[in-house]
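I put down each question as it came to me, followed by what I found.

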Amino acid sequence: MRTLYTWSAILAIVFASVVGDVLLSHAMKQVGDVGELRRRAGLLHVIVRTLSNPNFLFAVASMAAAFFSLLFALSWGDVSLVAPAAASLTFIANAVAAKIFLHEKVDRRRWIAASLVAAGVALLAG
Amino acid sequence: MNFRKYLVLAGVTVFAVAGDSMLSHGMKQVGTISIHHLQSVFSAVTNPWVALGILFLLGFFATYTTALSWADLTYVMPATALGYVLLALVARFVLHEYISPLRWLGIVLITSGVGFVAGGPALTEHPLGEAGKIAEGSRAEKSPPFDSAQGKLLAKDARNGAPQVGITGKV
């Protein structure tokens with residue numbers, strides 16, 4: 001039962017992280033190149049423009065949800081399972097989500113990179 | 001991708017590692033926080049390491065957000081993973097901890113993954129919609145800001161300017 005709880009919490013972390021990352025990426029593409037924007041209109045404008053983007057706010061909320069899921073997962077499972085499992089699954093899920101929702105060109109090069117990184121993180125954090 | 005942008009990506013990695021390490025160090029000084037005394041988590045902020053850690057993690061979020069404004073999520077993600085490598089190297093060479101062969105293999109895998117993705121284009125170009133801010137080494141980088149009235153013109157310009165990099169849409 002404890003294992004089921006732990007894996008449910010890990011899936012919740014992955015889901016919330018992916019939603020957060022995808023929304024943040026989408027929000028920042030809507031905001032535009034921050035460096036260019038800052039040169040043109042000033043830092044204050046960049047901050048206001050970013051903070052007033054609804055997708056940005058939803059992204060932050062999702063990331064907060066991911067953080068609290070992590071706390072729950074850590075209270076049920078070992079950190080040596082939770083941290084690498086959540087991190088490496090997030091890498092793969094992010095690549096899939098970026099292709100589907102952000103229409104990023106996830107070519108073979110990026111699939112290989114995401115898989116290598118996910119495997120590496122699992123080994124390193126495990 | 002110019003030098004400034006690589007610097008931002010390096011910032012993502014360094015801020016994350018520094019922030020996490022300081023937070024971890026600070027929380028060990030603060031001690032265990034009981035589930036019945038959750039309010040003591042607020043007093044943890046007064047620990048200088050925790051406060052500094054939070055400051056660095058804010059720096060991480062700022063650089064991460066900046067990077068996502070001109071690069072794909074699947075491009076920035078591996079850069080954040082370099083933090084694990086940096087953390088392991090700090091553990092080995094600064095803290096003189098033992099790193100098992102399996103962990104060295106992990107370092108090699110992450111580093112080669114990052115090398116793979118860094119060799120490709122940073123941003124998928126969408127000819128329509130967000131076409132005004134095509135970043136990858138094209139003339140659009142120095143072009144006037146995106147304007148919806150000019151959008152079509154800029155999109156055409158960007159397509160002509162950098163046809164060689166990852167265009168998903170049909171021209």
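Entry 1. Which residues have the most contacts inside the largest nonpolar core? I kept in mind that I was working with a predicted model. I found that this core has 76 residues, and that those with the most contacts inside it are Ile13(A), Ala86(A), Val117(A), Val121(A), Val12(B) and Ile110(B). I then looked up the elements that give two or more residues to this core, and they are H1, H4, H5 and H6 of chain A together with H1, H3, H4 and H5 of chain B. The most is given by H1(A), with 13 residues.

Entry 2. I followed Ile110(B) and left aside its neighbours within four places in sequence; in chain A, Ile110(B) is in contact with Val117(A), Gly120(A), Val121(A) and Leu124(A), and in chain B with Ala81(B), Leu82(B), Tyr84(B) and Val85(B).

Entry 3. I turned to the two chains together and noted that 36 residues of chain A are in contact with 35 residues of chain B. On the side of chain A that touches chain B, the elements that give two or more residues are H1, H2, H5 and H6 of chain A, and H6(A) gives the most, with 13 residues. Sorted by class, this side of chain A has 20 nonpolar, 7 polar and 9 charged residues.

Entry 4. I checked helix H4 of chain A, residues 54-76, for its length: at 1.5 Å a residue its 23 residues should span 33 Å, and because its end C-alpha atoms are 33 Å apart, the two values agree. The buried residues of H4(A) are Phe56(A), Ala59(A), Ser62(A), Ala66(A), Ser69(A), Leu70(A) and Ala73(A), and they pack against H1, H3 and H5 of chain A. I also wrote down that an α-helix has 3.6 residues a turn, so residues three or four places apart point the same way.

Entry 5. For chain B I counted 6 helices and 0 strands. Of its 171 residues, 37% count as buried, and among contacts between residues at least 6 apart in sequence, 65% join residues at least 24 apart.

Entry 6. Last, I looked at Ala88(B), which is placed in helix H4 of chain B, residues 73-93. Not counting residues up to four places away in sequence, Ala88(B) touches Leu124(A), Ile99(B), Arg103(B) and Ile107(B). From C-alpha to C-alpha, Ala88(B) and Ile99(B) are 7.6 Å apart in space, and they are 11 residues apart in sequence.

Definitions and conventions: Residues are numbered from 1 along each chain as its sequence is written. Chains are lettered from A and ligands numbered from 1 in the order in which they are written. This is a predicted model: local features need pLDDT of at least 70, side-chain atom pairs count only at pLDDT 80 or more; totals for chains, interfaces and linings use all residues. Helices (H or I, at least four residues) and strands (E, at least two) are DSSP runs, numbered from the N terminus. The expected span of a helix is 1.5 Å times one less than its number of residues. A residue is buried if 20 or more other C-beta atoms lie within 10 Å of its own, exposed if 12 or fewer, and partly exposed in between; C-beta atoms are placed from the backbone. Two residues are in contact if their C-beta atoms, placed from the backbone, lie within 7 Å. Ala, Val, Leu, Ile, Met, Phe, Trp, Tyr, Cys and Pro count as nonpolar, Asp, Glu, Lys and Arg as charged, and the others, Gly among them, as polar. A nonpolar core is a set of buried Ala, Val, Leu, Ile, Met, Phe, Trp, Tyr and Cys residues joined through C-beta atoms within 7 Å.
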